[in-house]
Amino acid sequence: MASPLQKLLQAAGLSHAHLARQAQVSKSVVWRIAKHGQWTQRSKTNAQIQTVIAQLLTDEDLPAEQIAKAMAWQPKKQKAQSRPEKHSEPSARATKPVALISKTIEGNPDMLLRKHPVREETRAHFGLAADPFVDDLRSASDVVNHKTFRLALTQMRSVAKHGGMMALLGESGAGKSTARRMLLDEFQSKSNFVIIEPKTLGMDENVQTGSIMKSAHIAEAIIARLDPTAKLRRSPEARNTQLEQMLKNSFLGGRKHVLLIEEAHRLHWSTIKQLKGFYELESGFTPMLAIILIGQTELRHKLKEGDSELREFVARCQVVDLAPLGESLKEYITFKLKRVGGDLDAVLEKGALEALVKRLTITTQRGTARQAFGAEAGISKVYPLAVHNLLAAAMNAADELGAPKVTAQIVEGAGL
């Protein structure tokens, strides 16, 4: 049910975004005030917002008494909220109780909020030396080696060392590029490993929307990586012979070769089909080229078992999913905060983690988002990038509200 203030804003055609810009606060702060009567703990900020609201609504010829009454409205407290918990003392800066918002972001399968940097004022509020989510990967020691990431990286290492074909799939922001960087960091320093990364500017599976990466481009990339000074043979047959001979010489010299293709969901199906030919370049019984594809979940549709065109490739390609953080969420956030001098318990109130999971879960008819914390109900989108954006927005909102910590209620309204 809309609050009195929300009804007045709707009647006047005033959006939360417009009001936030005029008052120079975040939209989530305005959303909490308009929807639930939850004002900040800073009197100066409240006075600023009240002045803007009163001016905008007065300009729409709404009665001053009606405006004042709407801004003074507060939701009724639930009985359970009116009884203080035993053995606890309320914080002097605690936020006002509001009804929990049972909102999930349905209809948005990507679940990616826009980028929210942790502001300087917010960093000071929580005692952080820097933004924990910006430019946070400078070396392998900065990577959170949590369970789901560790499993995916282990599979990539195995293929690189022992051969084979695999496809690493993950949502946008799941950590695929980080896994690639970790693999490169580990193997490029080893003289017996050759990592080949063919690039096609504007690569896409459709010639109308971009450039198709063809098998010839891959062959050229392999030759150039093995010998940057080599002159390419003109005919396809001569170039293929050149490629195979160069691979064999390198292989017999004790080197392992890994073909690594990022954004593989943009590969044309015919190029994927031809990858099997590269994999079949052998020295005796041993394939000389391991193949690792990295792409978004759209690649799964191309690797369907029922596809007759790609069945030979699919039968030989191992598919590995970079799963959501799940039970590793607490470990992940703890690590990120610790790197910049923060502490999880000093930033997040009890229940905030569960609220974060709820916001980043698409519920199913049989399950609820609340069950998704460590369970299999709903579709979890608890991936690093989504966690970064939502948590940064919640931390900024907590600072604006004057709340000592990020609460479940703040998470539920952050970034809206």
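**Exercise 1. How do the axes of α8 and α9 cross, and within what distance do they come?**

Step 1. In this predicted model, features described locally need pLDDT of at least 70, side-chain atom pairs count only at pLDDT 80 or more, and totals for chains, interfaces and linings use all residues. Residues are numbered from 1 along each chain as its sequence is written, and side-chain values use heavy atoms, leaving out hydrogens and water.

Step 2. Take the axes, which are lines fitted to C-alpha atoms over the stretch in contact, with angles from 0 to 180 degrees between N-to-C directions. Those of α8 and α9 come within 10 Å, crossing at roughly 45°.

Step 3. Now look at the residues in contact (heavy atoms within 4.5 Å). From α8, F149, L153, M156, R157, A160 and K161 meet T178, A179, R180, M182, L183, E186 and F187 of α9. This set divides into 8 nonpolar, 1 polar and 4 charged residues (nonpolar: Ala, Val, Leu, Ile, Met, Phe, Trp, Tyr, Cys and Pro; charged: Asp, Glu, Lys and Arg; polar: the others, Gly among them).

**Exercise 2. Which residues of α9 are buried, and what do they pack against?**

Step 1. Buried means under 20% relative accessible area (1.4 Å probe, protein chains only). In α9 this applies to K176, T178, A179, R180, M182, L183, L184 and F187.

Step 2. Their packing partners are α8, β1, β2, β3 and β6.

**Exercise 3. Is L9 buried or exposed?**

Step 1. Find L9 in helix α1, residues 4–12.

Step 2. Its relative accessible area is 2%, so L9 is buried.

Key:
Buried means under 20% relative accessible area, exposed over 50%, partly exposed in between (1.4 Å probe, protein chains only). Helices (H or I, at least four residues) and strands (E, at least two) are DSSP runs, numbered from the N terminus.
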